Amino acid sequence: METMSPAPTGWTRETARVEKRDVWAALKRGFRGRCPRCGEGRLFRAFLKVDDNCSVCGLDFTPHRADDLPAYLVIVIVGHLVVPAALVIETNYSPPVALQLAVYLPFTLIASLALLQPVKGAVVGLQWGLRMHGFDDNPPEGIPPV
Ligand SMILES: [Zn+2]
């Protein structure tokens with residue numbers, strides 16, 4: 001009678017042999033709104049609503065946990081564009097405040113809305129590339145699904 005070996009509970013050579021994922025390519029594909037695995041299927045079904053799975057390769061997108069990170073990253077990016085520009089312009093040219101507000105506020109709004117979906121896609125792509133949350137096909141035992 002054969003005895004079954006217990007399932008590996010930690011790192012083994014077999015558990016380490018998994019599909020290689022190019023994190024940078026996955027991030028770029030997500031930034032373009034495409035599936036991080038195949039780069040063909042659409043990642044979003046609405047402005048910020050991630051689709052359930054890829055229409056081309058069938059990758060399940062539901063394990064993503066982007067949460068508030070895209071919004072935080074957009075604030076950092078847009079803030080680092082608007083604030084230094086406003087300081088330089090105010091220091092060197094001192095235009096009227098109304099003119100500054102008429103330029104900075106719409107730019108901030110448009111840039112934030114324009115970056116939100118690509119940044120969220122990049123976050124989802126990064127999570128897939130790093131096997132975060134449910135994107136790991138071979139998760140270690142003892143970690144409950146998110
Ligand atoms: Zn795909």
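Analyst: D67 sits in the loop between α2 and α3. This is a predicted model: local features are given at pLDDT of at least 70, side-chain atom pairs count only at pLDDT 80 or more, and totals for chains, interfaces and linings use all residues. Residues are numbered from 1 along each chain as its sequence is written.

D67 is not a glycine, yet its phi is positive, near 50°. D67 counts as exposed because it has 10 C-beta neighbours inside 10 Å. The cut-offs rest on other C-beta atoms within 10 Å, placed from the backbone: 20 or more is buried, 12 or fewer is exposed, and anything in between is partly exposed.

The loop between α2 (23-31) and α3 also holds L43. L43 is buried, because 24 other C-beta atoms lie within 10 Å. Leaving out residues up to four places away in sequence, L43 touches G30, G33, R34, C35, V50, D51, F61, G121 and V124. Contact here means C-beta atoms, placed from the backbone, within 7 Å.

Next comes α3, residues 69-92. Its 24 residues reach 35 Å from first C-alpha to last, close to the 34 Å expected at 1.5 Å a residue. Expected span is 1.5 Å times one less than the number of residues. The helix is kinked by about 30°, centred on G79. That bend is the angle between two fitted axes, one for the seven residues ending at a residue and one for the seven starting there.

Which residues of α3 are buried? They are P70, V74 and V78. An α-helix has 3.6 residues a turn, so residues three or four places apart point the same way. The buried residues of α3 pack against α4 (97-129). After α3 comes S94, with a positive phi near 45°.

α4 is the partner in that packing. Its 33 residues should span 48 Å at 1.5 Å a residue, and its end C-alpha atoms are 45 Å apart, so the two agree. A kink of about 35° lies at L116, shortly before the proline P118. The buried residues of α4 are V119, K120, G121, A122, V123, V124, G125, L126, Q127, W128 and G129. Two of these, G121 and V124, are among the contacts of L43. The buried residues of α4 pack against both α2 and α3.

R131 lies in the segment after α4. R131 is partly exposed, because it has 17 other C-beta atoms within 10 Å.

Now the chain around these parts. It has four helices and zero strands. The order along the sequence is α-α-α-α. Of its 146 residues, 21% count as buried. Among contacts between residues at least 6 apart in sequence, 57% join residues at least 24 apart.

Methods. Helices (H or I, at least four residues) and strands (E, at least two) are DSSP runs, numbered from the N terminus. Two residues are in contact if their C-beta atoms, placed from the backbone, lie within 7 Å.
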